[in-house]
Amino acid sequence: MQLDLQTKLDWAAVDHHNTGHSHSHILVRGITDQGKTLNITGDYLAHGVRQRAGENMTPELVLSTELDATDKLRHEVDAERFARLNRMLMAGQRPDGII
């Protein structure tokens with residue numbers, strides 16, 4: 001955002017995990033590094049910030065998603081039901097019955 005807005009930014013953020021979807025609130029001081037009023041267009045707030053966040057967070061989110069999937073599979077090992085892990089094993093079964 002500093003590159004986009006061509007000024008250093010004073011900011012603070014708070015992460016919330018109290019809903020079904022974790023999210024963050026970001027506060028930005030409305031003054032440029034030259035002491036002038038910081039003007040952020042509505043379009044940049046609506047689209048630019050999200051785009052920048054997406055560009056920077058995608059690698060971490062992908063890793064998080066992969067870790068979540070691994071964790072879910074780990075829990076299915078102890079499941080007392082026919083689970084996705086069972087279907088994966090069956091899909092890998094050879095004609096002679098060996099997995």
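**Around T7 and across the predicted model**

Not counting residues up to four places away in sequence, T7 touches Q2, T32, D33 and L38, where a contact means heavy atoms within 4.5 Å. This is a predicted model, so local features need pLDDT of at least 70 and side-chain atom pairs count only at pLDDT 80 or more, while totals for chains, interfaces and linings use all residues. Residues are numbered from 1 along each chain as its sequence is written, and side-chain values use heavy atoms, with hydrogens and water left out.

T7 sits in the loop between helix 1 and strand 1 (11-16); helices (H or I, at least four residues) and strands (E, at least two) are DSSP runs, numbered from the N terminus. T7 counts as buried because its relative accessibility is 5%, with buried meaning under 20% relative accessible area, exposed over 50%, and partly exposed in between (1.4 Å probe, protein chains only). The side chain of T7 also makes a polar contact of 2.8 Å with the side chain of D33. Such a contact is a pair of N or O atoms within 3.5 Å; within protein, one must be able to donate a hydrogen and the other to accept it, and residues adjacent in sequence count only if both atoms are side-chain atoms.

T32, one of the residues that T7 touches, belongs to the loop between strand 2 and helix 2 (42-76). With a relative accessible area of 14%, T32 is buried. Besides T7, T32 touches T37 and L38, again leaving out residues up to four places away in sequence.

M1 has a relative accessible area of 29%, so it is partly exposed. Beyond its neighbours within four places in sequence, M1 is in contact with L9, V28, Y44 and V49. M1 and R52 are 51 residues apart in sequence, yet their C-alpha atoms are 7.2 Å apart in space.

Next comes H23, found in strand 2 (residues 23-28). H23 counts as partly exposed because its relative accessibility is 31%. Its side chain is joined to that of H25 by a polar contact of 3.3 Å. Leaving aside neighbours within four places in sequence, H23 is in contact with V14, D15, H16 and N18. H23 and Y44 are 21 residues apart in sequence, with 19 Å between their C-alpha atoms.

As for the whole protein, the secondary structure comes to three helices and two strands, and from the N terminus on the elements run α-β-β-α-α. The protein is more spread out than a compact globule, because its radius of gyration is 23 Å, well over the 13 Å that the globule rule gives for 99 residues. That radius is taken over C-alpha atoms, and the rule is 2.2 Å times the number of residues to the power 0.38. Along its principal axes, the C-alpha trace spans about 75 × 30 × 20 Å.

Of the 99 residues, 8% count as buried. Among contacts with a separation of 6 or more, 21% come from residues 24 or more positions apart. The accessible surface comes to about 8600 Å², and 56% of it belongs to carbon and sulfur atoms; accessible areas come from the Shrake-Rupley method with a 1.4 Å probe, and for residues only the protein chains shown count as cover.
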